[in-house]
Amino acid sequence: MLDQNKSTPLYLQIKEMVETMIERGELKPGDRVPTEAEMIEKYQVSRVTVKNAYKLLVEDGIIFRIAGKGSFVSTKEHLPDTNRDLKKIGYLSPMILDTFTMKLFQGVEEGCKEAGSMLMIRQVTLQSEERNAINDMIRCGAEGLIIFPVDGETYSEEILNLKTRNFPFVLVDRYLPGIKTNSVSSDNYLGGFLGTEYLIGKGHTEIGIISGTKSTTASSEDRFQGYLDAMKKNQLLTNPSYWLTRIDEFTYQQEDIYKQYIADWLSSNPNITAAFAFSSLMAEQVYQVARSMGKQIPEQLAILSYDNPDIKMMDASPFFSSIEQNAEEMGLQAVQVLMKSLHDPVHVEQRVIPVSLYHGLSS
């Protein structure tokens with residue numbers, strides 16, 4: 001049994017417990033290890049505790065995982081082979097500035113560890129940097145790529161070239177409408193719909209939208225359509241002046257310009273009582289600007305964020321109501337899809353990960 005008073009962390013105690021069961025022969029090579037849910041129920045610990053224990057067991061080669069089936073005690077063929085060549089996977093991502101991009105990276109990293117692959121990482125902000133990074137990674141031996149695409153007015157030419165060459169790749173958080181590519185993204189339409197319905201249910205009819213650059217790959221397009229359909233369902237009129245778009249054309253190094261843009265928008269639309277921000281960074285900026293203008297949050301302006309910024313604000317933590325994406329699961333499944341493409345370069349699969357609504361204090 002676990003000892004809550006013991007100095008050894010609980011996840012290490014669980015790891016040691018599984019190792020002991022194997023040493024005693026209670027679990028033999030090829031046997032299924034108790035599921036995370038079973039361990040949680042039996043020992044009354046958190047999912048994170050069990051997940052960390054199993055992660056270490058996988059890294060030590062004691063157990064192995066099969067997607068959709070569970071974890072099993074390693075057999076000889078599943079023991080780590082230090083002499084084998086690791087598959088090299090490249091991961092391209094915008095700057096890791098928020099919880100979403102961090103969790104997405106963690107999911108990709110964990111997926112690569114489970115798959116026995118080496119991960120190469122490059123952060124990019126422009127399509128030109130993305131193009132160079134793709135070529136650099138391929139030259140360095142990347143056998144497949146996971147790409148969090150940079151937004152742009154047109155499709156990335158280099159991504160289209162990958163498609164033409166049947167080079168294995170997976171897009172995360174984005175997809176190319178009308179072009180069949182591997183992708184793993186959140187149900188962004190549902191997120192836009194749920195978020196808008198939530199604000200309407202709180203009594204808001206004058207809802208502002210803050211989104212980024214119009215892009216052929218942007219998930220914000222699906223979120224925006226969800227907003228429009230929710231307004232239509234509730235027989236509410238939409239006001240285009242309430243839509244603050246292209247906001248991310250200003251970099252966060254231009255913070256004064258960025259905030260002034262938001263301030264002008266709020267001043268020009270005093271009837272807005274709720275703001276639905278399509279990213280956590282935008283929600284944070286709207287909060288700061290609104291407060292500097294003397295607005296009471298949420299009494300005068302409710303704020304709904306796509307992903308929680310995890311800001312510690314006075315007595316409210318976490319503060320924002322938000323549409324929550326399972327970013328870590330998105331990263332894990334992106335690796336799974338890529339592994340299929342490595343075995344079959346013409347394999348095409350598009351996975352959609354559910355979202356959920358988190359009730360905070362700011363709306």
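Among contacts in the protein chain between residues at least 6 apart in sequence, what percentage join residues at least 24 apart? In this predicted model, the share is 69%.

The protein chain contains eleven helices and 14 strands. It has 363 residues, and buried residues account for 47% of them.

Helix 11 covers residues 327–343. At 1.5 Å a residue, its 17 residues should span 24 Å. The end C-alpha atoms are 25 Å apart, so the span agrees with expectation. Helix 11 is also mostly covered, with twelve of its 17 residues buried. Ala-327 is one of these buried residues. A run from Met-330 through Gly-331, Leu-332, Gln-333 and Ala-334 to Val-335 is buried as well. Further along helix 11, Val-337, Leu-338 and Met-339 are buried. Ser-341 and Leu-342 complete the buried set.

Leu-126 was examined as a loop position. This residue sits between strand 4 (117–123) and helix 5 (127–139). Pro-94 is 32 residues away along the chain, and the C-alpha atoms of Leu-126 and Pro-94 are separated by 8.6 Å.

Key
Residues numbered from 1 in each chain as written. Predicted model: local features only at pLDDT ≥ 70, side-chain atom pairs only at ≥ 80, totals over all residues. Heavy atoms only, no water. Helix = DSSP H or I, 4+ residues; strand = E, 2+ residues; numbered from the N terminus. Buried < 20%, exposed > 50% of the residue type's maximum accessible area, 1.4 Å probe, protein only. Contact = heavy atoms within 4.5 Å. Expected span 1.5 Å × (residues − 1).
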